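This report describes selected local features of the structure shown below. It begins with backbone geometry and then turns to strand pairing and the nonpolar core.

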Amino acid sequence: MAPKTSPEIGGMGHSVKRKEDPRFLRGQGNYVDDVVLPGMLYLDIVRSPYAHATIKSIDTSKALAIPGVLAVITGKDLEKYNLHWMPTLMSDTQMVLPVEKVMYQAQEVAAVLATDRYIAADGVEAVEVDYDPLPVVVDPKKALLPDAPVLRTDKKDKKDNHIWHWEWGNREATDQLFRDAEVTVKQDIYIPRIHVSSIETCGCVAHFDKVTGKLKVWMTTQAPHAIRTVFALVAGHVGLSEEKIQIISPDIGGGFGGKVPVYPGYVIAVAASVLTGKPVKWIEDRMENLQADSFARDYHITAELAGNKDGKLTALRIKTIADHGYTDAAANPSKFPAGLFHVCTGSYDLKAAHVEVDGVYTNKPPGGIAYRCSFRVTEAVHTIERMADLMAHELNMDAAELRMKNFIKPEQFPYKSALDWEYDSGNYGAALQLAMDKVGYAELRKEQAEKRARGELMGIGISSFTEIVGAGPSKHFDILGLKMFDSAEIRVHPTGKVIARFGTKSQGQGHETTYAQIIAEELGFPVANILVEEGDTDTAPYGLGTYASRSTPVAGAACAIACRKIKDKARKIAAYLLEAHEEDLEWEPGKFFVKGSPDRAKTIQEISLAAYTNHPPGTEAGLEAVNYYDPPNLTYPFGSYICVVDIDKGTGEVKVRRFVAIDDCGNIINPMIVEGQIHGGLTMGLGPALYEEIQYDESGNCLQGSFMNYLVPTAVETPNWETGNTVTPSPHHPLGAKGVGESATVGAPAAIVNAVVDALWHLGVRHIDIPITSAKVWKLLREAGVRG
Amino acid sequence: MDKVPIKLSVNGVEHSAEIEPRLLLVHFLRENLGLTGTHIGCDTSHCGACTVVVDGRAIKSCTAFAVQADGRSITTVEGLEQDGKLHPLQDGFFQEHGLQCGYCTPGMLMTGLAFLKTNNSPTDDEIRHAISGNLCRCTGYVNIVKAYQYAAQKMRDGGE
């Protein structure tokens with residue numbers, strides 16, 4: 001689509017260079033650890049070496065004897081204010097600091113407050129905690145056995161470790177289709193616990209002013225407004241009132257879902273500041289971040305797919321055990337404890353499906369948050385894309401052919417899925433065909449056959465995913481009752497310059513540029529004259545924040561609607577200035593003119609000035625608008641990825657030779673930024689596919705607690721991503737846009753696994769759980785009698 | 001803890017300080033000198049967000065003591081821009097969309113500063129190995145490689 005505006009205006013479709021870059025390039029970003037206040041104290045946290053243990057005693061005397069250590073805060077201190085427990089976003093409960101027992105390794109046990117971060121660390125070393133270890137449960141399947149120790153002894157009447165059962169779909173119709181099926185495939189799939197590992201860890205600076213009663217907190221949060229409300233609800237009884245709470249989310253060094261939850265450290269820092277009246281800084285280190293922050297995934301899935309011998313798929317049946325650690329602290333919309341996992345019929349036109357999920361407690365950190373994805377959509381896509389591939393191999397059918405045969409057709413949109421979602425738009429076959437053309441699919445299959453004949457291992461994997469983003473319509477989507485709208489407030493100044501504020505919060509996505517481009521598109525102001533601000537709850541309108549690829553679908557829509565309100569008023573002002581009827585005016589980017597008389601025109605800048613100096617009698621002065629956008633539906637971005645791998649027979653190493661990604665996120669605001677999001681998303685798909693996993697031994701020790709063994713892809717492992725796109729606008733979004741930040745992370749892992757299994761199928765390999773490490777492949781090769 | 005005196009040059013400015021021997025160089029730069037462009041991402045030398053250039057070599061300042069920098073000359077991200085003109089690397093990152101959240105960017109720039117001095121016509125593969133000690137979660141590295149190439153070209157054209 002050719003841009004409607006000039007490059008100088010910089011509306012939609014222009015690869016405008018980012019407005020946020022100049023400060024970052026000069027080292028002038030303002031991240032939370034850069035915030036320094038006079039008299040600021042430092043908080044550091046004592047953490048449990050045990051995964052499950054009773055706390056017999058905490059001796060703080062040696063720590064308190066260290067010059068500069070001001071206090072050691074324990075659960076018993078917080079209990080006096082009833083702040084030792086807090087609610088999670090899923091209406092479960094989570095300890096801020098424990099009074100009786102710890103539930104996972106690295107859990108917060110006590111906090112040391114000191115004048116300096118080194119002294120605080122000395123204090124942490126000097127706190128002596130006496131523990132009495134308890135039996136540890138790390139396997140969620142064992143946690144469900146009748147003789148398993150009950151972990152949540154804080155919950156009266158809790159007799160087991162089962163949190164909730166959730167199911168969706170038509171069980172009877174699904175079972176009948178399975179009985180009638182000519183062919184079925186069944187597979188256990190484990191999607192392991194992983195960690196977002198944004199390069200900036202989490203932290204905050206809390207400053208309670210005892211004179212004004214105002215609490216100001218700079219914190220690494222993707223959802224500052226919701227956090228403000230949570231703080232008011234949790235600490236209202238100790239006098240924190242929402243109008244006196246200001247949350248500032250400064251520059252954020254990556255979020256990916258890990259900066260949505262409220263972590264105990266934040267709450268302890270706030271409590272410490274309220275108690276002392278001094279600013280308190282808490283910044284976690286990487287080991288704390290990896291060992292104690294909320295995790296993602298951890299789904300033990302059993303999936304079955306039914307179909308006919310001709311490759312036509314009919315039904316999907318899934319049972320899943322969801323390991324939530326010791327509390328359900330996921331960040332899902334409240335009506336959906338398994339998130340949007342029931343988008344698991346994917347891109348295929350199935351007759352029926354049924355999905356069941358059971359949440360389970362174990363002695364692990366809390367979680368079930370996202371890892372750059374919209375509420376479990378990665379788990380859904382991984383499952384259906386693996387199953388579709390299994391079926392293709394089972395039928396000895398080409399994986400692309402099976403997909404083409406089963407795609408929801410373009411003319412079927414809007415499409416009601418077997419699990420009740422209404423997909424807004426799609427053209428799946430076009431995306432897959434483009435990917436196949438770009439990668440040279442037929443030639444690659446030929447090459448593969450030749451190599452296989454020579455004993456070389458090469459695989460080609462496809463993933464044709466459908467995402468579900470932009471939560472969400474208020475009828476179904478809320479977090480703690482807060483409806484999942486988002487907002488934009490736009491003010492046009494007399495000199496034709498604009499400030500715009502949003503309820504979202506960029507963590508690298510480039511909102512300062514893309515929102516400005518939406519305003520430029522709608523109103524014709526140059527991007528250079530538009531200032532975008534987010535993240536300060538005292539100034540920005542209320543919104544639910546940035547995660548689950550919702551900024552463009554929801555706040556971007558709010559931005560467009562607010563612009564259109566401003567344009568309506570600008571039209572009235574132009575009509576007054578031009579002495580014409582409103583209906584006789586026409587708009588082109590940046591000005592209104594009288595139909596048939598293009599020289600009788602008023603620019604948006606002239607109109608801006610008139611709004612404050614010469615506004616029409618009987619109307620309000622000013623040129624501002626606010627919109628709270630409640631989306632009528634979610635948006636459904638999609639794409640087709642093709643991965644080519646070579647496998648070293650000697651070492652089992654998987655080398656991603658090529659990876660072609662065709663994405664369709666509807667209309668594009670900034671092609672440069674969209675491509676950058678896809679590059680990053682693909683790399684966060686590569687990591688979990690081949691390297692990343694958080695594991696625990698039987699005692700609950702975290703085995704990947706630092707970057708030494710939690711392997712984030714470097715530039716060496718990462719291939720040179722090849723990208724492309726199709727454009728299928730969303731019919732219900734004001735800009736036809738859909739959201740793109742997470743598509744690649746959602747779609748990529750299945751393509752990689754499918755490629756590896758494709759390379760090894762002839763050796764009897766049917767499935768490999770991610771991450772596909774060299775060790776796993778090496779073992780499979782040796783078992784198959786392959787020599788290096 | 002007894003303090004020890006150090007003298008060092010940071011971005012061409014001479015500094016003297018009395019510091020604890022255990023003070024990490026990254027904390028000295030960020031907290032004693034207020035140069036917060038150098039970031040901390042992992043504490044174990046893996047992520048490279050804290051990379052600075054010491055006497056021409058890129059090092060990870062989260063695993064160096066400030067006292068080890070005594071008598072040395074350090075360049076941080078704040079020292080890249082000269083006379084209001086962005087360094088070719090900074091320009092390259094801007095032009096090629098080599099950054100998103102910006103948190104790893106200073107380390108990526110400083111690794112590049114030392115690397116391009118040793119190799120001003122690198123292959124993409126050489127660049128990828130050069131930045132393998134700098135983690136980025138946002139960009140997928142492709143545009144960082146392009147940014148390095150942009151800078152290398154500009155530096156060659158400028159006779160550097």
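A:N396 counts as exposed because it has 6 C-beta neighbours inside 10 Å. On this scale a residue is buried with 20 or more other C-beta atoms within 10 Å of its own, exposed with 12 or fewer, and partly exposed in between, the C-beta atoms being placed from the backbone. The model is predicted, so local features need pLDDT of at least 70 and side-chain atom pairs count only at pLDDT 80 or more, whereas totals for chains, interfaces and linings use all residues. Residues are numbered from 1 along each chain as its sequence is written, and chains are lettered from A and ligands numbered from 1 in the order in which they are written.

**Backbone geometry**

A:N396 is not a glycine, yet its phi is positive, near 55°. A:N396 lies in the loop between α10 (377-394) and α11 of chain A; helices (H or I, at least four residues) and strands (E, at least two) are DSSP runs, numbered from the N terminus. In chain B, B:S45 also has a positive phi, about 70°, without being a glycine. B:S45 belongs to the loop between α1 (25-32) and β3 (51-54) of chain B, and counts as partly exposed because it has 16 C-beta neighbours inside 10 Å.

| Cis peptide bond | Omega | Loop of the second residue |
|---|---|---|
| A:F413 and A:P414 | about -5° | A:P414: between α11 (399-406) and β19 (415-416) of chain A |
| A:A471 and A:G472 | about -25° | A:G472: between β21 (457-466) and β22 (478-479) of chain A |

**Strand pairing**

Strand β1 (residues 41-47) of chain A is mostly covered, with six of its seven residues buried. β1(A) runs parallel to strand β14 (residues 280-283) of chain A, to which three bridges join it; strands pair if DSSP finds at least two bridges between them. With strand β7 (residues 108-114) of chain A, β1(A) pairs in the antiparallel sense over six bridges. A:Y42 stands opposite A:K281 in β14(A), and its bridge partner in β7(A) is A:A114.

**Nonpolar core**

The largest nonpolar core has 314 residues, of which A:L43, A:V112, A:I519, A:C559, A:I642, A:I752 and A:V756 touch the most other members. Such a core is a set of buried Ala, Val, Leu, Ile, Met, Phe, Trp, Tyr and Cys residues joined through C-beta atoms within 7 Å. Leaving aside neighbours within four places in sequence, A:I519 is in contact with A:I490, A:V498, A:A500, A:F525, A:I530, A:C559 and A:C563, contact being defined by C-beta atoms, placed from the backbone, that lie within 7 Å.

Technical notes. Two residues are in contact if their C-beta atoms, placed from the backbone, lie within 7 Å.
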